[in-house]
Amino acid sequence: MRDIEEGRSSQVATGETRAHCAIEVINLSKTVSDASGELTILHHVDFTVQPAETLAIVGASGSGKSTLLGLLAGLDSPSTGKVLLNGQDIFALDEDGRAALRKAELGFVFQSFQLLAHLNALENVMLPLELRGDPDAREKATAMLGRVGLSARLKHYPKYLSGGEQQRVALARAFVTEPPLLFADEPTGSLDAATGEAIIALMFELNRERGSTLVLVTHDPSIARRCGRTITIAAGRIVQQDH
């Protein structure tokens with residue numbers, strides 16, 4: 001455990017070190033304007049994540065952790081700083097380039113599932129494979145839904161699935177392309193405790209099988225403890241890193 005100021009200088013990696021990082025965050029800040037003026041959501045955040053590492057980002061509501069995850073994925077742009085995913089500076093890419101990188105490198109699991117209502121479970125899981133032009137999309141999606149225990153629900157649309165089943169479909173969709181990076185934003189936030197525990201256990205099991213680098217945003221300390229490392233954010237600053 002150490003304060004961020006103690007280790008900041010060590011986070012500015014050399015090019016040689018950088019090539020071995022799954023994720024490198026350098027001097028990342030995000031400031032927005034509102035009716036009261038400028039609001040800084042993230043302040044000069046620095047950290048690295050190694051390949052196959054599991055990292056929890058924790059903090060109170062409004063601390064900036066979900067904003068940070070959005071920046072790591074290139075879904076938003078920072079006011080200052082860089083994010084490198086497997087050595088690629090994502091903000092040196094245009095919007096199309098970042099979208100292509102997400103399609104190739106990232107899997108996502110969201111609190112609100114983000115399933116497409118007009119597609120059934122199988123079609124939702126096939127979608128990222130089809131976007132890649134994978135000729136085996138149906139076979140792979142069917143197998144992945146079986147892996148998460150939904151072989152009997154392939155043709156069901158999201159509105160006919162329970163919350164836990166919808167999140168299992170979302171997990172299958174996130175893992176079906178075998179992404180090197182997986183981001184999860186409060187993946188159990190809309191589930192009851194028992195269902196949430198089952199989903200988390202399944203997510204970590206799948207992650208171990210595939211060796212993905214996992215970055216998980218959560219407010220739940222018990223979930224964070226499952227990760228190899230925890231970063232705590234308060235008022236947009238990293239205040240603690242546990243190793």
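**Salt bridges, strands and cores**

Mentor: Start with K30: it is buried, with a relative accessible area of 11%. Buried means under 20% relative accessible area, exposed over 50%, and partly exposed in between (1.4 Å probe, protein chains only). This is a predicted model, where local features need pLDDT of at least 70, side-chain atom pairs count only at pLDDT 80 or more, and totals for chains, interfaces and linings use all residues. Residues are numbered from 1 along each chain as its sequence is written, and side-chain values use heavy atoms, with hydrogens and water left out.

Trainee: Which residue forms a salt bridge with K30?

Mentor: A salt bridge is a side-chain nitrogen of Lys or Arg within 4 Å of a carboxyl oxygen of Asp or Glu. Here the closest N and O atoms are 3.3 Å apart. The partner is D76.

Trainee: How many residues apart in sequence are the parts that this pair ties together?

Mentor: D76 lies in the loop between α3 (65–72) and β4, and K30 in strand β1, so the pair ties together parts separated in sequence. Helices (H or I, at least four residues) and strands (E, at least two) are DSSP runs, numbered from the N terminus. D76 is partly exposed, at 31% relative accessible area. The parts are 46 residues apart in sequence.

Trainee: Is α3 largely enclosed or largely open?

Mentor: The buried residues in α3 are K65, L68, L69, G70, L71 and L72. That is six of its eight residues, so α3 is largely enclosed by the rest of the structure.

Trainee: How many bridges join β1 to β2?

Mentor: Two strands pair if DSSP finds at least two bridges between them. β1 (residues 23–34) and β2 (residues 37–49) run antiparallel. They form a hairpin with two residues between them, and S33 stands opposite E38 in β2. The bridges joining β1 to β2 number nine.

Trainee: Which residue of β4 stands opposite V25?

Mentor: β1 also pairs with β4 (residues 80–85). Five bridges join these antiparallel strands. Opposite V25 stands V83.

Trainee: Which residues have the most contacts inside the largest nonpolar core?

Mentor: A nonpolar core is a set of buried Ala, Val, Leu, Ile, Met, Phe, Trp, Tyr and Cys residues joined through side-chain atoms within 4.5 Å. The largest has 39 residues. Elements giving two or more residues to this core include α6 (137–147), α7 (163–175) and α8 (193–210). Those with the most contacts inside it are L145, V148, V169 and M203.

Trainee: Which residues does M203 touch?

Mentor: Contact means heavy atoms within 4.5 Å. Residues up to four places away in sequence are not counted. M203 touches L171, F175, L182, A184, P187, L214 and L216.

Trainee: How many residues are in the second, separate core?

Mentor: Among its members are A73, L85, F183 and I231. The size of this second core is 28 residues.

Trainee: How many residues apart are E205 and R147?

Mentor: These two form a salt bridge, with the closest N and O atoms 2.7 Å apart. E205 is in helix α8 and R147 in helix α6, so the pair links distant parts of the chain. E205 is partly exposed at 33% relative accessibility, and R147 is partly exposed at 28%. The separation is 58 residues.

Trainee: Which residues do salt bridges with shared partners join into one network?

Mentor: A search of the whole structure finds eight salt bridges. Some share partners. The network holds R147, E205, E209 and R210.

Trainee: Which backbone oxygen lies 3.2 Å from a polar atom of the Q166 side chain?

Mentor: Q166 sits in helix α7 and is buried at 16% relative accessibility. Q166 also touches F113, L115 and P158, among others. The oxygen belongs to L161.

Trainee: What is the radius of gyration of the chain?

Mentor: The chain has nine helices and 10 strands. The radius is taken over C-alpha atoms, and the globule rule is 2.2 Å times the number of residues to the power 0.38. The rule gives 18 Å for 243 residues and the chain is close to that, so it is as compact as a globular protein of that length. The radius of gyration is 18 Å.

Conventions
A polar contact is a pair of N or O atoms within 3.5 Å; within protein, one must be able to donate a hydrogen and the other to accept it, and residues adjacent in sequence count only if both atoms are side-chain atoms.
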